[in-house]
Amino acid sequence: AVTYAYENGLMDGVGTGLFAPNSETTRAQLVTILHRLAGQPAPSGDSGFSDVETGTWYTDAVAWAAQNGIVNGVDEGIFAPMNTLTREQLVTMLYRYAEAKGYDVSASADLSGYPDAGQVQDYAQPTMAWAVAEGIVEGVDGTLNPAGNATRAQIATILMRFCEGVAK
């Protein structure tokens with residue numbers, strides 16, 4: 001999965017030939033990955049988030065994602081680019097990306113078989129059910145771990161499943 005993400009230009013290493021598979025992923029990093037997946041289209045303005053400065057490595061990606069309904073921030077006018085990405089945020093952004101691209105997002109799985117299904121926040125219930133139904137997310141040790149952090153290796157695996165399954 002790491003090789004797939006790297007060879008397809010979705011993820012870069014962290015320098016000196018390292019990928020850092022167990023490192024956490026930030027919200028800005030995932031939006032940048034989705035922006036690359038979309039072919040890096042130019043945004044039509046700024047992001048509208050007060051904490052996304054002009055000229056950063058993620059500025060255009062966040063603006064593009066906001067303009068396409070992929071992200072809406074963590075609070076009014078706040079994107080929190082350096083906050084660690086949770087698994088439920090990951091599947092929500094991926095779902096919204098798929099929706100924006102016109103992919104079929106109608107699949108839905110019953111999450112009741114996961115002991116922590118009730119911990120998935122309301123906003124992420126449909127997107128988590130979609131991700132499980134599509135085989136994009138399979139769980140961690142039998143749980144969904146919705147509030148858990150998504151590592152770079154997990155992101156690479158989920159991206160590969162998404163690209164080979166949903167986005168084919």
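How many of the 168 residues in this protein chain are buried, as a percentage? Buried residues make up 42% of the chain, where buried means under 20% relative accessible area, exposed over 50%, and partly exposed in between, with a 1.4 Å probe and protein chains only.

Thanks for coming, everyone. Before we go on, please keep in mind that this is a predicted model, in which local features need pLDDT of at least 70 and side-chain atom pairs count only at pLDDT 80 or more, while totals for chains, interfaces and linings use all residues. Residues are numbered from 1 along each chain as its sequence is written, and side-chain values use heavy atoms, with hydrogens and water left out.

Let's start with the overall fold. The chain has 6 helices and 0 strands; helices are DSSP runs of H or I with at least four residues, strands are E runs of at least two, and both are numbered from the N terminus. With a radius of gyration of 15 Å, close to the 15 Å that the globule rule gives for 168 residues, the chain is as compact as a globular protein of that length. That radius is taken over C-alpha atoms, and the rule is 2.2 Å times the number of residues to the power 0.38. The C-alpha atoms fill a box of roughly 45 × 40 × 30 Å along the principal axes. Among contacts (heavy atoms within 4.5 Å) with a separation of 6 or more, 73% join residues 24 or more positions apart.

Now to the inside. A nonpolar core here is a set of buried Ala, Val, Leu, Ile, Met, Phe, Trp, Tyr and Cys residues joined through side-chain atoms within 4.5 Å. The largest one has 49 residues, and Met11, Trp130, Ile136, Ile155 and Phe162 touch the most other members. Two or more residues come from each of α2, α3, α4, α5 and α6, and the largest share, 7 residues, comes from α4. In soluble globular proteins, nonpolar side chains tend to be buried together.

Take Met11: beyond four places in sequence, Met11 touches residues including Phe19, Ile33, Ile155 and Leu159. Trp130 sits in helix α5, residues 125-133, as one of its buried residues, along with Thr127, Met128, Ala129, Ala131 and Val132. The cover over those buried residues includes α4 (87-100) and α6 (152-165). After α5 comes Gly135, with a positive phi near 75°.

Next, the pockets. On a 1 Å grid over the protein atoms alone, a pocket is an open set of points where a 1.4 Å probe fits, with protein on both sides within 12 Å along at least five of seven lines, and lining residues have an atom within 4 Å of a point. The largest pocket holds about 190 Å³. Met11 turns up again in its lining, alongside others including Asp12, Trp57 and Arg152. Helix α2 (residues 27-37) gives the most to that lining, with 4 residues. The second largest pocket holds about 160 Å³, and there α4 gives the most, again 4 residues. Its lining includes Arg27, Asn72, Arg96 and Tyr123.

One last stop: is Ala38 buried or partly exposed? Ala38 counts as partly exposed because its relative accessibility is 21%. This residue lies in the loop between α2 and α3 (59-67) and, leaving aside residues up to four places away, touches Trp64 and Tyr97.

How values were computed: Grid points are joined across faces, edges and corners, and a volume is the space filled by probe spheres set on the points.
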